[in-house]
Amino acid sequence: MFCLGIEGTAHTLGIGIIDENGKILADVRKVYSPPLGKGIIPNEAAKHHEKNKEIVLKEALNQVNLEIDEIDGIAYSAGPGLPPCLSSVSNFANKLAKKYKKKLIPVNHMLAHVEIGKLVTKARDPIVVYVSGGNTMILGLVENKYRVFGETLDIPLGNALDVVAREMGLPMPGGPQLDELAKKGKFVNLPYIVKGMDLSFSGIVTACIKKLKEGVKKEDIAFSLEEVCFSMLTEVTERALAHTGKNEVLLVGGVAASKILQEKMERMCKERGARVFYLPQEYARDNGVMIAWVGMLFLKSKKIPKIERRFRARWRIEEVEIPWV
């Protein structure tokens, strides 16, 4: 049995193919790059997806030497994400499913990040630290749903890093650029904002921009920004471990590729006797394989989710029933 997955919630158009045992057979991506100093322009990203969708599909099928008739299901990222991008991808997936008479499977983008993480790392029942440009959440599986134990109260961490990086004139995505700068930096005071189990990053971003205008070195701001934000994230993750009694932590999403964040989580988990897992960078970022894998899990469970429309820009992970657990 084979499932094809189409990712297209934001900058990345990705198509992956996977089999029922979780073997990754194809993984092709094309990434939209916004103009230097600017964030993603949703309509331009959607145009990028439209332009490249047939090319990426052909490359993916060629990688595994399959015809689309041999695919059992077509899964697609149905949200959350940028509406123009979601519309492009959902229309493409629906067209393919109708033309070739395949099962159409809407997939929650956040859930896909979590499940590809579990597949690749072999984590069994972790507290999930999901950090990306669009989301910052601490999750745990309880009674067939991923429950949110903590999240950002304003902007996601990845977005916060990107805003500061853009102010510095760095290319996107900003996280890897700040990682490099931080290696040469020294600590300067920034706000540390944890409210219960939730986090706030907008005030920290404002403080960073102010310091940048005051002439504070970019490397010192980068080091301090990551030191503060990653420490906040580690604090609430440790509390979630204590609350649930779980003994694994899984880092997923684009920001999870940061070595600095990984080191902080490793030290915390070592002190608690827990294990920490993180994805290789190629699967930490958006990709079609993760959509294909969740599509396959739904196919095998024979309980394909239904949503009111083809996509939902604000589809939260805790709304999704997990039938394969």
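Student: How many residues does the largest nonpolar core have, and which ones have the most contacts inside it?

Tutor: One heads-up: this is a predicted model, so local features need pLDDT of at least 70 and side-chain atom pairs 80 or more, while totals for chains, interfaces and linings use all residues. Residues are numbered from 1 along each chain as its sequence is written, and side-chain values use heavy atoms, leaving out hydrogens and water.

Now, your core: it has 63 residues, and Leu4, Ile6 and Ile17 have the most contacts inside it. (A core joins buried Ala, Val, Leu, Ile, Met, Phe, Trp, Tyr and Cys through side-chain atoms within 4.5 Å; buried is under 20% relative accessible area, with a 1.4 Å probe and protein chains only.) Helix H10, residues 288–301, gives the most to this core: ten residues. (Helices are DSSP runs of H or I, at least four residues; strands are E, at least two.)

Zoom in on Ile6. Skipping neighbours within four places in sequence, Ile6 is in contact (heavy atoms within 4.5 Å) with residues including Leu13, Ile15, Ile74, Tyr76, Val89, Phe92, Leu96 and Ile291. There's also a second, separate core of 44 residues, with Leu181, Phe230, Val255 and Met268 among them.

Next, an open, mixed sheet: its five strands run in the order S8-S7-S6-S11-S12. S8 (145–151) and S12 (275–278) are at the edges with a single partner strand each, so one side of each has no neighbour in the sheet. S6 (127–131) and S11 (248–252) pair (at least two DSSP bridges) in the parallel sense over four bridges; Val129 has Leu251 as its bridge partner in S11.

Definitions and conventions
Buried means under 20% relative accessible area, exposed over 50%, partly exposed in between (1.4 Å probe, protein chains only).
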